Amino acid sequence: MASPGHGFEPATGDGPAVPATAERAGEVRTAYEGLLQIRRMLGGGGAAAAVPAAWERRQMPRAVAIVLEAAGLPSSAVDAEGRRTRTGYRVAPGAPPGGRVEVTWVGPPGGGAALEEQERLAACAAALEELGWVCLLYRGPRRRRFLEVEPPR
């Protein structure tokens, strides 16, 4: 949530739980519409507006988180000690050399996130692919799935 003197921060899954309020919904809608407007203005309209703009490519975790939150997908959350308190998506920069974002489905220990990750990551991929992102599903450590998200080449 935005705090005085700071801009809108999308839910990445690594912060405190974001309350589902009308104010937050308006902030998310404004951020999402701004993202689309940047595409239209800088992309020249048409097909160029259907792929991530340069701004999104420079701030990929932020752009991806805006899309997921605007799609109504729940973000994970952590408490002050860094313990997971809610199941949902988590957006983080991908492994070097960069140019990618990793989306995982995580939650509190024993919360069942692993059981729903395939279905929920498919929903994340659908929301992102609709806006021109390329999503690849992989299995990582302990056979947990994750999405690797990047702009089209």
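Begin by selecting helix α1, residues 22-43, which gives three residues, the largest share, to the lining of the second largest pocket. Helices here are DSSP runs of H or I with at least four residues, strands are runs of E with at least two, and both are numbered from the N terminus. A pocket is found on a 1 Å grid over the protein atoms alone, as an open set of points where a 1.4 Å probe fits, with protein on both sides within 12 Å along at least five of seven lines, and lining residues have an atom within 4 Å of a point. The model is a predicted one, in which local features need pLDDT of at least 70 and side-chain atom pairs count only at pLDDT 80 or more, while totals for chains, interfaces and linings use all residues. Residues are numbered from 1 along each chain as its sequence is written, and side-chain values use heavy atoms, with hydrogens and water left out.

Stay with this second largest pocket, whose volume is about 210 Å³; a volume is the space filled by probe spheres set on the grid points, which are joined across faces, edges and corners. Of its 15 lining residues, select Val18, Pro19, Ala20, Arg24 and Glu69, which are the closest to its centre. By class, the lining has nine nonpolar, three polar and three charged residues, where Ala, Val, Leu, Ile, Met, Phe, Trp, Tyr, Cys and Pro count as nonpolar, Asp, Glu, Lys and Arg as charged, and the others, Gly among them, as polar.

Next, select helix α3, residues 60-70, where eight of the 11 residues are buried, that is, under 20% relative accessible area with a 1.4 Å probe and protein chains only, whereas exposed means over 50% and partly exposed lies in between. Among the buried residues of α3 are Met60 and Glu69. Just after α3, glycine 72 takes a positive phi of about 85 degrees.

Move on to serine 75, in the loop between α3 and β1 (77-78). Is serine 75 buried or exposed? Serine 75 counts as buried because its relative accessibility is 4%. Leaving aside residues up to four places away in sequence, serine 75 touches Ala11, Gly13, Arg86, Thr87, Gly88 and Tyr89, a contact being heavy atoms within 4.5 Å.

Now select the largest pocket, with a volume of about 280 Å³. Of the 19 residues that line this pocket, Trp105, Val106, Glu117, Arg142 and Arg144 are the closest to its centre. Two or more lining residues come from each of β4 (101-106), α4 (113-129) and β6 (145-150), and β4 gives the largest share, four residues. The lining divides into eight nonpolar, six polar and five charged residues.

One place to look is glutamate 102, whose bridge partner in β6 is glutamate 148. Strand β5, residues 134-139, also pairs with β6 in the antiparallel sense, over six bridges; here tyrosine 138 stands opposite phenylalanine 146, and valine 134 has glutamate 150 as its bridge partner. Between β5 and β6 the hairpin has five residues, and arginine 142 takes a positive phi near 55 degrees.

Select glutamate 150 itself, in strand β6, which counts as buried because its relative accessibility is 10%. Its side chain is joined to that of arginine 100 by a polar contact of 3.1 Å, meaning a pair of N or O atoms within 3.5 Å, of which, within protein, one must be able to donate a hydrogen and the other to accept it, and residues adjacent in sequence count only if both atoms are side-chain atoms. Not counting residues up to four places away in sequence, glutamate 150 touches Met60, Gly99, Arg100, Trp133 and Val134.

Finish at valine 51, in the loop between α1 and α2 (54-58), which is partly exposed, with a relative accessible area of 29%. The C-alpha atoms of valine 51 and tryptophan 133 are separated by 6.8 Å, although these residues are 82 apart along the chain. Beyond residues up to four places away in sequence, valine 51 touches Arg39, Glu56, Leu131, Gly132 and Pro152.

How values were computed
Two strands pair if DSSP finds at least two bridges between them.
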